[in-house]
Amino acid sequence: MLQRQAAWLWLLLPAVVVWAHYHAGPSKHKFGLLASYRAPVPVMVIGNISVDGSGKTFMEIIITLVDYLQAQGIKVGVISRGYGGDSRQMPALVDAASLPSVVGDEPCSIVNMTGVPMAVCES
């Protein structure tokens, strides 16, 4: 009975179809319906999760991971959005002399603590 009273929900069906199509994206790559890119080197993506905090934990994870991989003799590079930096001056390479106002504070900290080659670009 309650379902009959909510017949207006059928109006949302087009939105559900669009949502399902959008979230099927990874499957489309898997089945060759969309072009995909395979990097010539191993790539790890860390981030894009927001759970109560400012993201400093990811910086600590990245520093720990970079230190570990470098200790194993693996060459590591890091790419960041450079949150808090000046997007008009990006893309930019980050080095020990980079300013947080230009590249963001976390990229400066990561480079200063690990010496890893790093680039930032907002998009």
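Predicted model: local features only at pLDDT ≥ 70, side-chain atom pairs only at ≥ 80, totals over all residues.

Residues are numbered from 1 along each chain as its sequence is written, and side-chain values use heavy atoms, with hydrogens and water left out.

Where does Asp 86 sit? Its place is the loop between strand E1 (78-80) and strand E2 (92-94). Helices (H or I, at least four residues) and strands (E, at least two) are DSSP runs, numbered from the N terminus. Asp 86 has 14% relative accessibility, so it counts as buried. The terms work like this: buried means under 20% relative accessible area, exposed over 50%, and partly exposed in between, with a 1.4 Å probe and protein chains only.

Which residue forms a salt bridge with Asp 86? The partner is Arg 88, and the closest N and O atoms are 3.0 Å apart. A salt bridge is a side-chain nitrogen of Lys or Arg within 4 Å of a carboxyl oxygen of Asp or Glu, and by this rule the count comes to 1 salt bridge. Arg 88 counts as exposed because its relative accessibility is 73%. The side chains of Asp 86 and Arg 88 are also joined by a polar contact of 3.0 Å. A polar contact is a pair of N or O atoms within 3.5 Å; within protein, one must be able to donate a hydrogen and the other to accept it, and residues adjacent in sequence count only if both atoms are side-chain atoms.

The loop between E1 and E2 also holds Pro 91. The peptide bond leading from Met 90 to Pro 91 is cis, with omega near 5 degrees.

Another proline to find is Pro 100, in helix H5. Pro 100 lies 14 residues from Asp 86 in sequence, while their C-alpha atoms are 8.9 Å apart in space. With 41% relative accessibility, Pro 100 counts as partly exposed. Setting aside neighbours within four places in sequence, Pro 100 is in contact with Gly 84, Gly 85, Asp 105 and Cys 108.

Now let us turn to the interior. In soluble globular proteins, nonpolar side chains tend to be buried together. A nonpolar core is a set of buried Ala, Val, Leu, Ile, Met, Phe, Trp, Tyr and Cys residues joined through side-chain atoms within 4.5 Å. The largest such core here has 18 residues, and Val 78, Val 103 and Ile 110 touch the most other members. Helix H4 (56-71), E2, helix H5 (100-103), helix H6 (105-114) and strand E3 (118-120) each supply at least two residues of this core. The largest share, 5 residues, comes from H4.

Val 78 is in contact with Ile 62, Val 66, Val 116, Pro 117, Met 118 and Ala 119, leaving aside neighbours within four places in sequence. In strand E2 you can find Val 94, which counts as buried at 7% relative accessibility. Not counting residues up to four places away in sequence, Val 94 touches Val 103, Pro 107, Cys 108, Val 111, Met 118 and Val 120.

Which residues of H6 are buried? They are Pro 107, Cys 108, Ile 110, Val 111 and Thr 114. Seen down the axis of H6, its buried residues fall within an arc of 165 degrees, so they line one face of the helix; the arc is that of the directions from the helix axis to the C-beta atoms. Thr 114 has 13% relative accessibility, and a polar atom of the Thr 114 side chain lies 3.2 Å from the backbone nitrogen of Val 116. Beyond its neighbours within four places in sequence, Thr 114 is in contact with Ile 63, Val 66, Asp 67 and Gln 70. Gly 115 follows H6 and has a positive phi, near 75 degrees.

Finally, step back to the whole protein. There are 6 helices and 3 strands, following the pattern α-α-α-α-β-β-α-α-β along the sequence. Of the 123 residues, 21% count as buried.

Technical notes
Contact = heavy atoms within 4.5 Å.
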